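Below is a short briefing on a structure with two chains under discussion, arranged by topic. Please read it alongside the sequence and the coordinates.

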Amino acid sequence: MKTPRLGRLVLLLVGLFSMAFSCGTSAAEKKGRIGVSLLTLANPFFRDLGDAIKEEAAKHGMEVSIVSGDFDAARQRNQVADFIVQRCAAIVLSPCDSKAVSTALAEANKAGIPVFTVDIAALGAGKVVSHVATDNLGGGRLAAQAMIEALGGKGKVAILDHPEVESVLLRTQGFEEELAKQRQEKGVTIQVVAKLPGGGVKDKSFKAAEDLLQAQTDLAGIFAINDPSALGAVAALEKAGRLGKVKVIGFDGMPEGKAAIRAGQIYADPIQFPDRIGRTAVQQIKKYLDGDDVPAQVLIPTALYRQADAQKDASLPR
Amino acid sequence: MRSGLPTWLRDYGMVLVLGALCLYYSFATFTDQQPVGEAAGSAVARRILGDGGTPSVLVIAGTTDEDRAFAGAAVSALTAGGANVVERVLGAPRDARVVLDRLAGEGRRLAYVATTAACVEWTLLKDLNTRFPSLGNPRILIPESRRWPVFLTRQNLLNVANQITVVAILAVGMTVVIITGGIDLSVGSLIALSAVVVSVLIRDAGGGVQAGAAAMVMASLAALGMCIVVGLFSGLMVTAFKVPPFIATLAVMQVASGLAFIIAKGGSIYELPDTFTWLGRGADLFGVPNAVILMLVLYVMTHLLMSRTVLGRWIYAVGDNAEAARLAGVHTAFVLLFAYAFCGAMAGLGGVLQASQLKSGAPTYGVMYELYAIAAVVVGGTSLAGGEGRVFGTLIGAFIIAVIQNGMNLTGVESYRQKVVLGVVILGAVLLDLLKKKDWRRLFRAAATPATHP
């Protein structure tokens with residue numbers, strides 16, 4: 001009675017462990033390793049960013065460990081602690097919380113490991129060698145140019161905002177600055193009549209856009225600060241039967257947003273280039289390890305993506 | 001009656017699983033470890049001096065205390081041994097580059113570069129001889145390495161213990177509630193609420209970054225007290241209104257999370273003094289982190305409560321059969337109220353600890369932590385049906401989860417697979433525990449012929 005049970009126990013143990021460990025790779029390595037903890041890997045933006053880091057690092061003969069912070073600052077701090085134990089040559093972070101990341105930064109600084117941030121900057125204490133991100137201010141300007149182009153320079157527009165996030169503040173700032181500039185220089189008469197919080201998510205933006213359409217019956221355009229917000233606005237316009245009459249400008253260039261651009265639902269997006277952000281971050285690490293001067297911030301410009309671009313885009317499903 | 005080792009194994013069989021995991025990750029992370037600090041510096045100097053002559057040496061190290069000790073020891077040993085130390089560089093690759101450029105410009109020649117294992121990873125040093133041919137191909141020497149598992153380094157083991165503290169403290173409270181036959185889903189949200197409340201109190205009432213120790217203690221006690229009240233509320237719903245614990249604490253979870261967002265106004269609160277990190281990041285006793293000591297003290301106290309007091313026996317009795325316990329004269333309502341208040345208190349402490357570790361409070365903390373805590377309890381051998389379980393079993397369960405997570409990070413398993421593995425291991429550990437406790441043959445037979453089963 002006792003022996004077979006013990007045997008089965010051992011079998012189960014062996015099965016369990018082989019399952020758990022078959023996917024681990026050996027930690028014994030000679031190459032320099034870059035530890036990467038991104039905000040999330042559920043978002044294609046960060047997946048592309050991570051893939052680009054891996055590719056570029058391979059070119060320079062470095063290894064990469066990528067983990068997801070899952071929006072959890074405590075989890076990310078633990079991941080940084082593990083990178084420190086592994087004595088990584090460099091750490092790349094997109095902070096889950098711009099302020100709470102300071103303790104993780106302090107620990108990496110104390111261990112003498114250089115930290116680079118991508119997409120999201122760290123605020124507060126702690127030393128970051130270089131920050132690589134999208135030029136959100138310039139992107140906001142591009143969005144304004146697209147709006148002027150779409151409306152022929154006149155009409156009332158609204159902004160679906162999400163002012164809790166630093167990068168979004170820059171987008172709306174760039175948008176309004178460019179409009180103001182063009183009003184003075186080129187006689188554009190577009191007026192921003194409302195700024196509503198859309199939370200950067202589809203459902204909340206949908207409700208905000210519905211309220212907006214009730215209040216502004218002669219609205220000509222909506223600038224949504226990211227693709228989910230833009231898609232929320234599109235849904236509200238569809239429901240109100242005003243799709244096409246009100247032009248939507250989004251931001252990001254996520255696959256779903258690009259598909260909406262191809263369908264003519266969104267007029268245009270300033271798109272971001274996560275792959276360029278990732279590659280540039282690794283190039284900054286290489287520069288640092290070479291002893292070159294590293295700029296404290298590198299901004300990657302956005303580009304306007306219109307229906308014509310979407311029709312040529314092979315990455316979109318037909 | 002069984003006694004001695006078999007009984008111990010029945011109660012704490014998961015220790016074997018934990019041991020096996022540690023063993024595996026020790027093998028998997030077996031790698032070259034570089035000695036650091038003073039000893040490493042003298043060792044490199046000895047090797048250089050062993051070659052004889054009066055070589056010219058450049059010493060390069062980074063910015064940490066260990067680097068400084070390395071360079072200091074190397075320079076003094078080299079000078080004493082008659083070598084010519086050209087320069088000592090402490091800093092980033094950029095600083096080393098400036099010195100190398102200058103030396104190459106002056107036409108100096110070097111016999112050796114003495115540096116650390118971390119700095120030799122700099123591409124600057126890897127390509128030294130192609131970049132600076134005029135230096136005369138100096139040999140780059142680093143301290144000799146020894147083979148040792150990364151997992152078993154002191155720093156990493158402390159990491160594992162430190163990383164699990166918050167979940168382990170939640171889990172000890174959860175153990176008590178689960179032994180009563182209940183469950184508390186609100187603890188994750190209470191982490192957020194407690195962290196936010198303690199941060200807001202320190203910022204607004206305690207003087208912000210200038211807050212003193214007394215103010216911080218008061219704020220922590222206030223946050224703790226509030227979580228006890230929330231726990232009592234859950235207990236009241238369960239006892240007075242007979243709301244099922246799952247539903248009562250699910251509602252409280254929503255309320256607590258919402259309150260945390262309202263109090264924090266959606267953002268994170270970071271205007272806290274540096275000294276606030278004493279609890280979460282300090283290590284005053286033999287280098288053991290204060291958070292780990294707090295965790296161990298709580299486990300010992302709870303173990304004594306559950307095994308040596310009348311209240312502890314009542315808690316087991318209520319979980320085993322509430323009606324029988326009531327008839328035997330146990331104040332079941334009091335026992336349940338205590339269990340939920342205790343669980344709330346542990347969550348409150350966990351929240352203060354989390355805020356201290358991250359030096360900020362945010363309503364986004366603690367998401368899913370209730371599930372990690374429940375997993376630790378169940379992996380630790382406590383039955384979800386109530387009435388049985390061991391406090392230290394939960395600690396083992398928490399460590400199993402922490403070791404798996406840490407080990408997978410060290411061996412470079414990517415995030416998605418980590419989740420799958422963690423889920424499978426939790427399930428496997430629980431199955432293993434069942435296998436030990438129950439006669440599986442009878443179970444299988446019963447499953448095969450359900451109709452004949454009475």
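**Chain B as a whole**

In chain B, 79% of the contacts with a separation of 6 or more are between residues 24 or more positions apart. This is a predicted model. The points below cover chain B overall, one of its helices, and then the domains and sheet of chain A.

Make-up and extent of chain B
- The secondary structure of chain B amounts to 20 helices and 6 strands.
- Its radius of gyration is 28 Å, well over the 22 Å given by the globule rule for 454 residues, so chain B is more spread out than a compact globule.
- The C-alpha trace of chain B spans about 95 × 60 × 35 Å along its principal axes.
- Of the 454 residues in chain B, 52% are buried.
- Chain B is divided into domain 1 (37–144) and domain 2 (154–444).
- The centres of domain 1 and domain 2 of chain B, taken over C-alpha atoms, are separated by 50 Å.

Helix H5 of chain B
- Helix H5 (residues 93–105) of chain B has 13 residues, which at 1.5 Å a residue should span 18 Å; the end C-alpha atoms are 18 Å apart, in agreement.
- Buried residues of H5(B) include Ala96(B), Val99(B), Leu100(B) and Leu103(B). Pro93(B), Arg97(B) and Ala104(B) are also buried.
- An α-helix has 3.6 residues a turn, so residues three or four places apart point the same way.
- Part of the cover over the buried residues of H5(B) comes from chain A, through helix H10 (274–290). From chain B, the cover includes strand E2 (56–61), strand E3 (84–90), helix H6 (123–126) and helix H7 (128–131).

Domains of chain A
- Chain A is divided into domain 1 (33–128) and domain 2 (136–272 + 306–312).
- Between the centres of domain 1 and domain 2 of chain A, taken over C-alpha atoms, there are 32 Å.

Sheet of chain A
- In chain A, 6 strands form an open sheet with parallel pairing, in the order E2-E1-E3-E4-E5-E11.
- Strand E2 (63–68) and strand E11 (297–300) of chain A stand at the edges with a single partner strand each, so one side of each has no neighbour in the sheet.
- From one strand to the next, the twist averages 15 degrees.
- Strand E4 (residues 115–118) and strand E5 (residues 130–134) of chain A pair in the parallel sense over 3 bridges. Thr117(A) stands opposite His131(A) in E5(A).
- Helix H2 (residues 44–59) of chain A lies across strand E1 (33–38), E2, strand E3 (90–93) and E4 of chain A. Helix H2 runs at about 165 degrees to E2(A).

Terms used
Residues numbered from 1 in each chain as written. Chains lettered and ligands numbered in written order. Predicted model: local features only at pLDDT ≥ 70, side-chain atom pairs only at ≥ 80, totals over all residues. Heavy atoms only, no water. Pairing = 2+ DSSP bridges. Helix = DSSP H or I, 4+ residues; strand = E, 2+ residues; numbered from the N terminus. Axes fitted to C-alpha atoms, helices over the stretch in contact; angles between N-to-C directions. Contact = heavy atoms within 4.5 Å. Domains from an automatic or database assignment. Expected span 1.5 Å × (residues − 1). Buried < 20%, exposed > 50% of the residue type's maximum accessible area, 1.4 Å probe, protein only. Rg over C-alpha atoms; globule rule 2.2 N^0.38 Å.
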